[in-house]
Amino acid sequence: MKKGFIKKMISNHYTLIDQETHEEIIATARGKLRYMKVTEDSSFSKQLTKKTKIEQKITTISPKVGDYVYYDDSEDQIMITEILPRKNDLARPDVCNVDQVLLVFSAIKPDFSFHLLDKFLIIMNQERLTPVIIISKIDLIEKEALDLLKIDLKYYEKMGYEVYYVNSKQRIGIDVLAHIFKDKLTVLAGQTGVGKSTLLNALMPGLDLKTQEISKALGRGKHTTRHTELYSYNEGYIVDTPGFSKIEFVIFHVDELKAFYPDFEELSSSCRFTSSCLHLNEPNCAVKEAVESKDMILSRYENYVQFCEEVKNQKERY
Ligand SMILES: Nc1nc2c(ncn2[C@@H]2O[C@H](COP(=O)(O)OP(=O)(O)OP(=O)(O)O)[C@@H](O)[C@H]2O)c(=O)[nH]1
Ligand SMILES: [Mg+2]
Ligand SMILES: [Zn+2]
C-alpha cells in the first residue's frame, strides 16, 4: 500500500503527493471510506451541537484536503483505499491535519480588535490549534497608535504567542516570516479585508491571488477568496481562506471558558478558591488582582467577563 497526501480536490478527483517519491498523482475515492477518529475534536467555525459530535464518531467520511491516505495503483484507475486518522479537522476552510493558524488582523481598516483576538484564541485552544498572530497594514496606521498596539500585544507575546507586523503591499516584515511555514500545514484566518491574500502574494510573488481594493465607504475589503487549495511554500503548505464577518465559539458552561485562558490558569493557583474560582465575583482572585496591578491588560479581562455573559445568555435560550 502506498501512502499519499491530498493537496487538492476537485469533486471526486484528488491530487495526491506520494510520500516516498513526492510525485503528483491523480486518484479517485470509492464513496465514503471508513476511518477511526483519534479525538472528539471537530471543527473550527462549523456550528456543532453535542449530538452531532457523537454522530460523527460513527459515520464514515470522504477524503479531503490535508488527509494522509493509502492508495492502490495496481489497477488503471488509482484509488484511495484508506484515510489515516486526522489530528484535527476544520470545516472552514475544509482541511484537516492543520499544524498552525495564522490569525491575520489589520492594524486599521478594519481596526484591530482585542475582542476578536481573545475570541480567536479561545477557539484555537479549544481546537488545540497553534496560532501565530499577524498584524497587517502597519503602513496605514499612525506611528503612535502602532506603538500603543505593540505595547498591549506584548502581553500576548509574554504568554508565548508569536506576533509579527507586516506591510504586505511594500513587502515589509515578510522575509522574517518565511521560516514559520517550514514542514507545516498553515491556515490563514481572519476577517474579510484584513489582507490574507495580499500577505500570501507577498510571500509568493507570482501566485497572483485575487485581492480587493478597499471599499472607501466601508473601509474594508469585499469577500474575494472563495475556494480551498494548498499552496506549496518553504517545504510546507499554506491555505488561503475566505474571511468571515462573524465568528463564534461553542461553549455551553461558564466554567469551561477559563480553561481556554492559559494566563488565567497559571494565576488560578493563587486565587482563594483555587480550582473553582471563575475570576468573576470571588474574593481574593489572583486574576482580578493582576488586572488591578496592570500585570494583565484590562481588555483581556473585560472580554472574558463579556464572553461569560454570552455563554450564560446562550444557555438560557435552550
Ligand atoms: N496599505 C496596505 N494595504 C494592504 C495591506 N494588506 C492588504 N492590504 C489591502 O487590503 C485590501 C484587502 O486585502 P485582501 O488581501 O484581499 O484581504 P483578504 O483578507 O484576503 O480578504 P478576503 O479574501 O475577503 O477574506 C486590499 O485592498 C489590499 O491591497 C498592507 O499591509 N498595507
Ligand atoms: Mg482573500
Ligand atoms: Zn480567580
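The largest nonpolar core has 69 residues. A nonpolar core is a set of buried Ala, Val, Leu, Ile, Met, Phe, Trp, Tyr and Cys residues joined through C-beta atoms within 7 Å. Buried means that 20 or more other C-beta atoms, placed from the backbone, lie within 10 Å of a residue's own; exposed means 12 or fewer, and partly exposed is in between. Leu103, Val104 and Ile134 have the most contacts inside this core. Helix α2 gives the most to it, with six residues. In soluble globular proteins, nonpolar side chains tend to be buried together.

This is a predicted model: local features need pLDDT of at least 70, side-chain atom pairs count only at pLDDT 80 or more, and totals for chains, interfaces and linings use all residues. Residues are numbered from 1 along each chain as its sequence is written, while chains are lettered from A and ligands numbered from 1 in the order in which they are written.

Helix α2 covers residues 114-126. Helices (H or I, at least four residues) and strands (E, at least two) are DSSP runs, numbered from the N terminus. Just after α2, Arg128 takes a positive phi of about 50°.

Ile6 lies in strand β1 (residues 2-10). Ile6 counts as buried because it has 25 C-beta neighbours inside 10 Å.

Contacts (C-beta atoms, placed from the backbone, within 7 Å), leaving out residues up to four places away in sequence:

| Residue | Contacts |
|---|---|
| Leu103 | Phe120, Pro131, Val132, Ile133, Ile134, Ala189, Gly190 |
| Ile6 | Tyr14, Leu16, Pro63, Lys64, Val65, Gly66, Asp67, Val69 |

Definitions and conventions. Expected span 1.5 Å × (residues − 1). Contact = placed C-beta atoms within 7 Å.
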